Amino acid sequence: MTQLRYPAVGLVLVSVVLTGCSNAAPPPPPAPSSAAATSSPWIPTPEHEIAPKALAVYRQYWELSEQAEAAPRSQDWRPALTRLMADPALTSFVDELANLASVPAHSVGQYHRAPSVRSVSVAEPARVVIDDCLDASEEHLVSDRVGETGKHLDNPRQPRRYRLEAEVVRYPAPYRWLVQIVRPHVDQPC
């Protein structure tokens with residue numbers, strides 16, 4: 001076994017000595033081939049990891065909120081909403097559902113949205129600001145009151161398309177993303 005090591009060490013020493021005696025400059029490192037450049041793994045920055053997670057929670061929030069607005073009296077929606085929302089947005093939305101239930105009324109149809117990430121902050125707690133264009137032209141508030149069932153209660157002065165801003169925050173222990181702030185900008189059509 002030691003016989004195999006000595007020849008390898010000898011070759012290394014001869015190589016070092018010959019390199020040290022040579023006046024020639026060492027050869028330049030090989031240029032990366034285009035195949036190597038395209039196959040190298042891309043390591044995403046935290047912003048690239050954070051934004052899709054926040055957008056996914058934002059979309060889930062909308063799915064659940066539409067279900068809740070369609071049937072505000074069918075159940076206590078707060079436990080389900082707490083999986084996707086935090087205060088002040090949570091309390092504001094629960095109060096809105098209580099108001100719908102008291103009228104009594106519910107929503108029919110669907111909102112159309114076009115969410116995009118405006119900014120990402122990786123500082124703890126991480127925060128993503130989402131801009132959205134809320135289109136309520138196919139969503140309507142209808143009465144559940146006896147004698148008025150199905151009557152549209154939409155406010156004619158409220159625009160049907162407007163900008164909406166939301167902030168989705170990463171909460172610790174356990175880490176989860178929650179919609180914390182929802183700001184409708186009814187004065188800003190989109």
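Visitor: How many residues apart in helix H3 are Tyr58 and Tyr61, and what separation along the helix results?

Guide: Helices (H or I, at least four residues) and strands (E, at least two) are DSSP runs, numbered from the N terminus. Tyr58 and Tyr61 are three residues apart in helix H3 (residues 46-70), so about one helical turn separates them. This is a predicted model, in which local features need pLDDT of at least 70 and side-chain atom pairs count only at pLDDT 80 or more, while totals for chains, interfaces and linings use all residues. Residues are numbered from 1 along each chain as its sequence is written, and side-chain values use heavy atoms, with hydrogens and water left out.

Visitor: Are Tyr58 and Tyr61 buried or exposed?

Guide: Buried means under 20% relative accessible area, exposed over 50%, and partly exposed in between (1.4 Å probe, protein chains only). Tyr58 has 1% relative accessibility and counts as buried; Tyr61, at 5%, is buried.

Visitor: How many salt bridges does the count come to?

Guide: Side chains of opposite charge can pair when their charged atoms come close. A salt bridge is a side-chain nitrogen of Lys or Arg within 4 Å of a carboxyl oxygen of Asp or Glu. By this rule there are eleven salt bridges. One of them joins the side chains of Arg118 and Glu165 (2.6 Å, N to O). Arg118 lies in strand E2 (residues 116-121) and Glu165 in strand E5 (residues 161-171), so this pair ties together parts that are 47 residues apart in sequence. Arg118 is partly exposed at 43% relative accessibility, whereas Glu165 is buried at 11%.

Visitor: Which residues are linked with Arg118 and Glu165 in a network of salt bridges?

Guide: The network also includes Arg127, Asp131, Arg163, Glu167 and Arg183. Within it, the side chains of Arg163 and Asp131 meet in a salt bridge (3.0 Å, N to O).
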